[in-house]
Amino acid sequence: MLRATILLAVGLFANVLIGLPAIAQAPAEVTLTRIDCGTGATPTDVGQRFTDTFAYKDLKLTFTFSCYVIKHGDDYMVWDTGFTPGTSPNAPKVGIVDRLKELKVTAEQVKYVGISHFHGDHTGQLAPFTNATLLIGKGDWDQITSPTPMQGANVAGFKSWIDEKRKVEPLTGDKDVFGDGSVVVLRTPGHTPGHSSLLVRLKDMGPVLLSGDAAHFRENYESNGVPSFNFDRAATIASIERMKQIAANLKATIVIQHDMRDIGKLPAFPAAAK
Ligand SMILES: [Zn+2]
């Protein structure tokens with residue numbers, strides 16, 4: 001009995017010494033769900049606008065447009081918002097708000113909306129997220145709020161954010177969204193000045209890296225390919241290299257958001273990767 005008491009006391013003392021709390025808090029459960037946010041109405045000849053080195057002769061790919069919802073404990077984050085429904089043949093038939101409803105999540109519940117970059121196929125459904133903090137690379141936010149935004153910056157998509165002075169966090173570095181390393185917005189500039197990618201670390205599936213448009217399809221990810229519409233070639237290649245090294249070091253699954261062939265890497269909606 002005495003011996004047990006001493007052992008217990010020593011154990012507690014050891015915990016104090018190394019600064020560990022006696023009862024560790026369970027980590028928040030993190031899940032990741034893909035939401036369809038559009039499909040290319042016709043296949044794209046990627047040899048046209050998606051290479052600046054005349055690569056991909058006769059390669060035609062149908063692009064997909066992906067949104068994601070991340071659940072972290074009781075908090076929700078949306079990553080990319082796709083096209084606005086009904087605005088083009090590529091736009092989704094069902095909007096993200098209705099998709100979230102199927103998951104029993106309201107737009108008002110969403111705490112963070114992260115976007116990879118300011119193009120219209122990623123920023124078409126920002127308006128409903130009235131309570132969210134927008135996480136956007138500062139280089140992109142500066143363009144959206146500039147009197148002379150650069151070509152391709154979808155200023156209209158941010159109208160409610162600007163008019164209603166909603167919360168914005170323009171990012172100059174990586175952002176550990178929930179403070180526990182489980183969801184990190186990564187600085188991957190180049191395609192646009194403030195382009196970002198997202199790392200989601202899941203308990204069962206392991207780390208998942210969502211590309212944004214640092215690469216548009218598997219072939220240009222593998223060959224460090226750069227599209228002809230691109231802000232900074234050297235930065236784009238450096239960002240693809242960064243993603244490859246992260247994927248290798250963490251044994252992460254890379255999901256190229258526009259590549260149909262990567263849809264199956266995550267469970268089909270409404271199921272979540274865990
Ligand atoms: Zn895109």
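Q: What makes helix 7 an element that lies across strand 11, strand 12 and strand 13, and how is the angle to strand 12 defined?
A: Helix 7 covers residues 233-250 and lies across strand 11 (196-202), strand 12 (206-210) and strand 13, running at about 170 degrees to strand 12. Contact here is a matter of C-beta atoms, placed from the backbone, lying within 7 Å of each other. The angle is taken between N-to-C directions on a scale from 0 to 180 degrees, with axes fitted as lines to C-alpha atoms, for helices over the stretch in contact. The names follow DSSP runs numbered from the N terminus, with helices being H or I of at least four residues and strands being E of at least two.

Q: On what kind of model do these values rest, and how are the residues numbered?
A: This is a predicted model, in which local features need pLDDT of at least 70 and side-chain atom pairs count only at pLDDT 80 or more, while totals for chains, interfaces and linings use all residues. Residues are numbered from 1 along each chain as its sequence is written.

Q: What makes strand 9 and strand 13 edge strands?
A: They belong to an open sheet of five strands with mixed pairing, ordered 9-10-11-12-13, and strand 9 (175-176) and strand 13 (253-255) each pair on one side only.

Q: How do you know that strand 9 and strand 10 are paired?
A: Pairing requires that DSSP finds at least two bridges between the strands. Strand 9 and strand 10 (residues 183-187) are joined by two bridges and run antiparallel, and Lys 175 has Val 185 in strand 10 as its bridge partner.

Q: Why are strand 1 and strand 8 said to stand at the edges?
A: The open sheet of six strands is ordered 1-4-5-6-7-8, with mixed pairing. Strand 1 (30-39) and strand 8 (168-171) each have a single partner strand, so one side of each is left without a neighbour in the sheet. Neighbouring strands of this sheet are turned by 20 degrees against each other on average, direction ignored.

Q: Which bridges tie strand 4 to strand 1 and to strand 5?
A: Strand 4 (residues 64-72) pairs with strand 1 in the antiparallel sense over eight bridges, where Thr 39 is partnered by Thr 64 and Arg 34 stands opposite Tyr 68. With strand 5 (residues 75-79), strand 4 pairs in the antiparallel sense over five bridges, and Val 69 stands opposite Val 78. Strands 4 and 5 form a hairpin with two residues between them, and Gly 73 in the turn has a positive phi of about 60 degrees.

Q: Why is Cys 67 called buried?
A: A residue is buried if 20 or more other C-beta atoms lie within 10 Å of its own, exposed if 12 or fewer, and partly exposed in between. Cys 67 has 25 other C-beta atoms within 10 Å, and therefore it is buried. Cys 67 is found in strand 4, where eight of nine residues are buried.

Q: Why does Asp 80 count as buried?
A: Asp 80, found in the loop between strand 5 and helix 3 (96-102), has 28 C-beta neighbours inside 10 Å and therefore counts as buried. Leaving out residues up to four places away in sequence, Asp 80 touches several residues, including Cys 67, Tyr 68 and Gln 257. Asp 80 and Tyr 68 are twelve residues apart in sequence, with 6.7 Å between their C-alpha atoms.

Conventions
Two residues are in contact if their C-beta atoms, placed from the backbone, lie within 7 Å.
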